[in-house]
Amino acid sequence: MSAQIAFYVLALGALVSALGVVLVRNPITSALNLVVSLCFVAGLYALLEAHFVAAVQVTVYAGAIMVLFTFVIMLLDLGTVPARTGPPEGIPKATIMGALGAAFVGLVIHAVRGDIRVPTTAGMAPERVAELGGNSRLVGELLFGPYLLPFEVAGVLLLVALVGTVVMAKRDSVAKSTASRRNS
Amino acid sequence: MHFPPVQFDWIAAVPMTLLSVGGLGVLLLDAKGKGRNPLVSAGAAAAVLVATLLWFVHPLVPHATAADARSFTSMLTVDGLGVFVTVVCILTGLGTLALAPSYMAREGVKAGEIYPLVVFAVAGMSVLAMGTDLMVLFLGLEIMSLAVYVLAGYQRTVDGSVEAALKYFLLGAFASAIFLYGITFMYGAAGSVRLDLVARALASDNPNTVRLAQIGLALLLAGLGFKIAAVPFHLWTPDVYQGAPTPVTAFMSSAVKAAAFALALRILRVGFGAHPMLWTEAVKWLAIATMVVGNLAALVQRDLKRMLAYSSIAHSGYLLAGVAAGHPAGTSAVLFYLAAYLAGNLGAFAVLVAIGEKGDRNLNLDDIAGLYKTHPGLAFALSACLLSLAGIPPTAGFFGKFLVFNAAVKAHMIGPAVLIALTSALSLGYYLTVIVKMYMAEPAREYITEPPTVGVRLVVVASVASVFVLGILPSLVQGLAEQAAIPLP
C-alpha cells in the first residue's frame, strides 16, 4: 500500500514537472523543471528496487547532462519567450495533433486495460537480485556478459556522434573566421 | 560469476568490428595527414570496405544457409539476408568513396572526415542487416543515421546543405524516438527485445501480448517508414536529397534504403512471420500510397536531384509491395530489387556528379538538353540507368519490377500488382523526358565541365555494366537473393 502511495506521488511529481518544462517561458526554469522531473523518475526506479539505475539517473541525467544543458542555455543567453499577444496561430493544426495524440493515448489505455502480466522472462525478483550480490554487481555482470555486444556497439555510436559533432563545429568555425575576415 | 559462461561466437561480430576499427584507422590517418590528401583517406576507406567484402568470401565464413548461420549470443547473425544487404551497402559505400573526392574538390570543401564517416555508416548498416535483437538493431540504426546526418550537412557553408542536415536530423531523431517507443511496447508484450523471443511470445496468442505488440509494431513501422521514405513519412526526402552533396545523396538513397529494408524484413519476418495478418494490410497500403505519390510528384520536377528523390520514394513503394507480398518470393524479390536499384541509382547520381557545376548548378532539365552532342558517353550512361529505374528490358530494373510484380500476384495482391505496372508506365513520363532532352534537344549552352575523374568514370562504367549484366543474366544475383531469403521463417 505504501509503495502504491509512493508510486502515485512520484508519478504525479514527474508529470507536473514535465508539464513545467514545456509550459514555462524562461528556458532556465524549464531546464530546472527537467531536473526535478528526472529526479522523480529516479525515485520511480528506486521504487522498482533498481537502485543502481536510480543513482545513475541522478548523477548522469539530473547531474552531468543537465549541467551541460544549463551551460548551453546560459551561453546562448536566450532570454524569456515573450508572452503571446493576440489569438494564437495554428489552432486547426494543433487541434488535429492533439486529437491524434489523444487517440493514441486511448489506444494504449485500451491495450493495457485489464490483466497485464509481463512475461516471466523479463527481469528478476528483488530477492533474487539481493541473493546474487545486489544491483550494481548484476548490472556489471550483465553488461560484460550477455550484453557485451550492445555495450560495445554503443561505444561505436558515441564515437560517431563525437566525430560528427567535431565535423559540424569545425566547419562552422572555418565559415565564421572567413566571414569575420571579410567583415574586418 | 553467477551466469552460465556466455558463448560468444566472434565470427558474427567480425564485419562490424572490421568496419568500425577500420573507420577509426581512416580517421586517424586523415588527422595525421591534416586532411591534405583526400585521395589517401578515400583509398584507405575503400581498402577497409574491400577487406570486409573479402571477408565474406573467405572459406571460414559460413554460407548463407540456416544451419550455418552463426550468432553472437543470439543478437547478431551472419545469415543470407545480413550478408546480402551488407554487401549491397558496402558496394554503395565504395561508389560514394569514388565519387566524393572530385565532387568535394569541385565544391571547394575540405573533405577529410567524409571518408571515415562513410565507413562508420556502413558499419551501422552491417549491424542493422545482421542484428536479431531490437536493442542491437536500434544501435545500428542510430550509428548509420548519425553518420548520415553529418554527411548530409557536410557542406556547412551552403545553405541548402545545412537546411538538409537540420531537417533530416530533427525529423530523424523524432522518427528514432518513435521507433524506440515501439521497442518498449515489444518488451512489454514479450518480456524481451530479441526477435525470436518476441515471435515465441506471440505464438502463445495471449490477447494482451498481441494487443501490445500491435501498438509496438505500428510505432516500429512509422519509424521505419521515415527511414525508407514511405508516404506519408516522406516529406523530408526531396529537400534533404537535393541539399545533400550528390555522392551522399547516392549513398542515402541506395544504402540507407537497403539497410532499412533489411531491418523491416528482419522485424516482420523473424518477429512477426507467423502473424502476417498484423502487418500485411498496413504495409500494402503504405506501398500503394508510396508508389502513387512518389511517381506523381516526380512528374512535375525540373531539378534532376529532386526528381531522383521522388523516384527514390516511388521505388520504396515497389519494395514495400514486395515486403507485403510475403515469403519467400516477396523477400527474394526485395533483395534482388535492392541490388538492381543500387546499380541504376548509383550510376544516375554518378553522371550528375560528372555533369554538375559548382554549387550543383547545371542539374536542371534544360541544362542537360543536347548532352548527347557534347558528352555522348555520359548521355548513354544516364539513359541506361534511367531506363533501368523505369523498368525497361533488358535492364536490371525490369527484372526487379518483374519479380516484385510476380510475388504480388502470387500473394493475390491484385491491387498493388496492377499499381506496380501502372505507376511504372507513369514513371516513364519523367525518365523519358530526361532522355528525350538529352538526345533530341539542341544544347542550350556551352559545357565548361571538366572531364570526369577516374573515380567517377569507374562508378559510371561499373553501374552501366551491372545494369545490363543484371538485366540479361538476372539469375546471377537472383540465385543469391533466393538463397538469402530462405533461412528466414
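Which side chains meet in a salt bridge at 3.5 Å, N to O? The side chains of B:K284 and B:E281 do. The model is a predicted one: local features need pLDDT of at least 70, side-chain atom pairs count only at pLDDT 80 or more, and totals for chains, interfaces and linings use all residues. Residues are numbered from 1 along each chain as its sequence is written, chains are lettered from A and ligands numbered from 1 in the order in which they are written, and side-chain values use heavy atoms, with hydrogens and water left out.

**Chain B overall**

- Chain B has 19 helices and two strands; helices (H or I, at least four residues) and strands (E, at least two) are DSSP runs, numbered from the N terminus.
- With a radius of gyration of 21 Å, close to the 23 Å that the globule rule gives for 489 residues, chain B is as compact as a globular protein of that length. The radius is taken over C-alpha atoms, and the globule rule is 2.2 Å times the number of residues to the power 0.38.
- Along the principal axes, the C-alpha atoms of chain B fill a box of roughly 70 × 55 × 40 Å.
- Buried residues are 63% of the 489 in chain B; buried means under 20% relative accessible area, exposed over 50%, and partly exposed in between (1.4 Å probe, protein chains only).
- Of the contacts in chain B with a separation of 6 or more, 82% are between residues 24 or more positions apart; contact means heavy atoms within 4.5 Å.
- The accessible surface of chain B is about 16900 Å², and 70% of that belongs to carbon and sulfur atoms. Accessible areas come from the Shrake-Rupley method with a 1.4 Å probe; for residues, only the protein chains shown count as cover.

**Helix α18 of chain B**

- Helix α18 (residues 454–472) of chain B has 19 residues and spans 27 Å from its first C-alpha to its last, close to the 27 Å expected at 1.5 Å a residue. The expected span is 1.5 Å times one less than the number of residues.
- The buried residues of α18(B) are B:G455, B:V456, B:V459, B:V460, B:S463, B:V464, B:V467, B:L470 and B:G471. Viewed down the axis of α18(B), they fall within an arc of 160°, so they line one face of the helix; the arc is that of the directions from the helix axis to the C-beta atoms.
- These buried residues pack against α3 (80–107), α13 (329–355), α15 (376–390), α16 (396–410) and α19 (475–485) of chain B.
- Exposed residues B:V454, B:L458, B:V461 and B:I472 sit on the face of α18(B) turned away from its buried side.

**Salt bridges**

- Side chains of opposite charge can pair when their charged atoms come close.
- Eleven salt bridges are found over all chains in a search of the whole structure; a salt bridge is a side-chain nitrogen of Lys or Arg within 4 Å of a carboxyl oxygen of Asp or Glu.
- B:D79 and B:R266 form a salt bridge whose closest N and O atoms are 2.7 Å apart. This pair links distant parts of the chain, with B:D79 in the loop between β2 (77–78) and α3 of chain B and B:R266 in helix α10 (residues 246–271) of chain B, 187 residues apart. Both B:D79 and B:R266 are buried.
- B:K284 and B:E281, the pair of the opening question, both lie in helix α11 (residues 280–299) of chain B, three residues apart, about one turn of the helix. B:K284 counts as buried at 18% relative accessibility, whereas B:E281 is partly exposed at 45%.
- B:D366 and B:K437 meet through their side chains in a salt bridge (3.3 Å, N to O). This pair also links distant parts of the chain: B:D366 is in the loop between α13 and α14 (371–374) of chain B, B:K437 is in helix α17 (residues 414–440) of chain B, and they are 71 residues apart. B:D366 is partly exposed at 36% relative accessibility, and B:K437 is partly exposed at 24%.
- A network of salt bridges links B:E163, B:K167, B:D239 and B:R306.

**Chain A**

- Chain A has seven helices and zero strands.
- Of the 184 residues in chain A, 23% are buried.
- Chain A exposes about 12500 Å², with carbon and sulfur atoms supplying 72% of it.
- A:A14 lies in helix α1 (residues 2–23) of chain A and counts as buried at 10% relative accessibility.
- Not counting residues up to four places away in sequence, A:A14 touches A:S37, A:F40 and A:V41.
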